[in-house]
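Please report on the side-chain contacts, ring pairs and helix packing of the structure below.

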Amino acid sequence: MDARLNIFANPVTGKFFKYLNSAGKVVTDSPLPAATQELVKIRASQINGCGMCLDMHTKDATAAGETAQRLNLVATWREAPVFSEAERAALELAEQGTRIADAAGGVPDEVWANAAKHYDEDQLAALVTLIALINTYNRVNVIVRQPAGDYQPGMFD
């Protein structure tokens, strides 16, 4: 499968991703736990059907020491006892933020309140911006049909 557009060579998308990657560094360097960040990216990418991001973030999570069991259970996190209550709150917020168009009124107050029980204001800010950021990456990749499978950890560092 070939992408509809070479987002890595195009000067417009190249500049766009330069700024997105800078925004991503702010989140990466935030106090939001790195494992939570990867879980959120994986869950949003599953919902959006973004193979490129799933390939990238499952490999990055594995390289960072995440277990295959947890990675295999992200899609069914509600039934899997391997996630902490804080991770569950982050995954729920990620799902609600990704499926924002599916619910009148957006993210329910109880979902936000649950996340706020587990994360401080800076972590919540990082979580919100991470959800927005991964959804942006997902949408670009899905629109251009970016192929998955060739990513290697550190490839875009």
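How many aromatic pairs does the count come to by the ring-centre rule? The count comes to two aromatic pairs. Rings of Phe, Tyr and Trp (its six-membered ring) pair if their centres lie within 6.5 Å; planes under 30 degrees apart are stacked, over 60 edge-to-face, and the rest tilted.

This is a predicted model, in which local features need pLDDT of at least 70, side-chain atom pairs count only at pLDDT 80 or more, and totals for chains, interfaces and linings use all residues. Residues are numbered from 1 along each chain as its sequence is written, and side-chain values use heavy atoms, with hydrogens and water left out.

**Aromatic residues**

F16 and F17 form an edge-to-face pair, 5.6 Å centre to centre with 70 degrees between the planes. F17 also pairs with Y137: the ring centres are 5.7 Å apart and the planes are at 10 degrees, so this pair is stacked. F17 lies in helix α1 (residues 11-28) and Y137 in helix α7 (residues 121-144), so the pair ties together parts 120 residues apart in sequence. Helices (H or I, at least four residues) and strands (E, at least two) are DSSP runs, numbered from the N terminus. F16, F17 and Y137 form one aromatic cluster.

A charge also meets a ring. K18 lies over the face of Y19, at 5.9 Å from the ring centre. The rule asks for NZ of Lys or CZ of Arg within 6 Å of the ring centre and within 35 degrees of the ring normal.

**Accessibility**

Buried means under 20% relative accessible area, exposed over 50%, and partly exposed in between (1.4 Å probe, protein chains only).

| Residue | Relative accessibility | Class |
|---|---|---|
| F16 | 39% | partly exposed |
| F17 | 11% | buried |
| Y137 | 16% | buried |
| C50 | 1% | buried |
| Q146 | 14% | buried |
| R145 | 46% | partly exposed |

C50 is found in the loop between α2 (34-48) and α3 (51-63). Why does C50 count as buried? Because its relative accessibility is 1%. Not counting residues up to four places away in sequence, C50 touches S45, N138, N141 and V142. Contact means heavy atoms within 4.5 Å. The C-alpha atoms of C50 and N141 are separated by 6.5 Å, though the two residues are 91 apart along the chain.

N141 is also in contact with Q146. Q146 is found in the segment after α7. R145 is in the segment after α7 too. Phi of R145 is near 55 degrees, a positive value in a residue other than glycine.

**Helix packing**

Helix α6 (residues 109-118) and α7 pack at an angle of about 130 degrees, with axes 9 Å apart. The contact is made by W112, A115, A116 and H118 of α6 and Q123, L124 and V128 of α7. Axes are lines fitted to C-alpha atoms, for helices over the stretch in contact, and angles run from 0 to 180 degrees between N-to-C directions. α6 and α7 are therefore oblique to each other. Under 35 degrees counts as roughly parallel, over 145 as roughly antiparallel, 65 to 115 as roughly perpendicular, and the rest as oblique.
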